[in-house]
Amino acid sequence: MAYDVKLFKLINGEMVIGKWDAEKNIINDPAILQTVPAQQGGVQMMILPFGYPFDNDIEGEIDGKHIMFEYKNCPEDVSNKYLEAVSKLTLSSGGLGGNLSDISGLIK
């Protein structure tokens, strides 16, 4: 199954990120994208399961008829954080590099 991670605005005003399935016209594994004021005066983005606070996992689907707007671009860092949240894996942008005998920095 082929899908793209895309950013949408739903008819209820929620900003949602999810795996777009064009064949079925649905958003799979939707998550709400919220802005939160930061202490330094800017804003941070927070990814929450669409069913939060009752669902703690990012799963489910939203029918495409509820989409009001599709954003042209989804920032790569936002889509990476979404994929990390869905898969529960950490994505890395670089190779191992450095001292390969010291792997303590790779273990979290």
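How much accessible surface does the protein have, and what share of that surface belongs to carbon and sulfur atoms? The accessible surface comes to about 7,800 Å², and 51% of this belongs to carbon and sulfur atoms. The model on screen is predicted.

**Whole chain**

Start with a cartoon of the whole protein. The secondary structure amounts to one helix and six strands. Followed along the sequence, the pattern reads β-β-β-β-β-β-α. The protein has 108 residues, and 27% of them count as buried. Consider next the contacts between residues at least 6 apart in sequence: 48% of these join residues at least 24 apart.

**Phe8 and Trp20**

Show the aromatic side chains. A search of the whole structure finds two aromatic pairs. Select Phe8 and Trp20: their ring centres are 5.4 Å apart and their planes stand at 55 degrees, so this pair is tilted.

**Phe69 and Tyr71**

Move to the other pair, Phe69 and Tyr71. The pair is edge-to-face, with 5.0 Å from centre to centre and 90 degrees between the planes. Phe69 sits in strand E6 (residues 67-70). With a relative accessible area of 43%, Phe69 is partly exposed. Tyr71 is partly exposed as well, at 23%.

**Asp29**

Next, select Asp29 in strand E3. The relative accessible area of Asp29 is 18%, and the residue is buried. Which side chain makes a polar contact with the side chain of Asp29? The partner is the side chain of Lys19, at 3.0 Å.

Now display the surroundings of Asp29. With neighbours within four places in sequence left aside, Asp29 is in contact with Ile17, Gly18, Lys19, Ile58, Glu59, Gly60, Tyr82 and Val86. Check the backbone too: Asp29 has a positive phi of about 50 degrees, although it is not a glycine.

**Asn25**

Asn25 is not a glycine either, yet its phi is positive, at about 60 degrees. The relative accessible area of Asn25 is 35%, which makes the residue partly exposed.

**Gln34**

Return to strand E3, which spans residues 26-37, and select Gln34. Gln34 is partly exposed, with 32% relative accessible area. Which residues is Gln34 in contact with, leaving aside its neighbours within four places in sequence? They are Gln44, Met45, Met46 and Leu48.

The C-alpha atoms of Gln34 and Met15 are separated by 7.2 Å, and the two residues are 19 residues apart along the chain.

**Tyr52 and Pro53**

The last stop is the peptide bond from Tyr52 to Pro53. Is this bond cis or trans? The bond is cis, and its omega is near 15 degrees. Pro53 is placed in the loop between strand E4 (43-49) and strand E5 (61-63).

Definitions and conventions: Residues are numbered from 1 along each chain as its sequence is written. This is a predicted model: local features need pLDDT of at least 70, side-chain atom pairs count only at pLDDT 80 or more; totals for chains, interfaces and linings use all residues. Side-chain values use heavy atoms; hydrogens and water are left out. Rings of Phe, Tyr and Trp (its six-membered ring) pair if their centres lie within 6.5 Å; planes under 30 degrees apart count as stacked, over 60 as edge-to-face and the rest as tilted. Buried means under 20% relative accessible area, exposed over 50%, partly exposed in between (1.4 Å probe, protein chains only). Helices (H or I, at least four residues) and strands (E, at least two) are DSSP runs, numbered from the N terminus. Contact means heavy atoms within 4.5 Å. Accessible areas come from the Shrake-Rupley method with a 1.4 Å probe; for residues, only the protein chains shown count as cover. A polar contact is a pair of N or O atoms within 3.5 Å; within protein, one must be able to donate a hydrogen and the other to accept it, and residues adjacent in sequence count only if both atoms are side-chain atoms.
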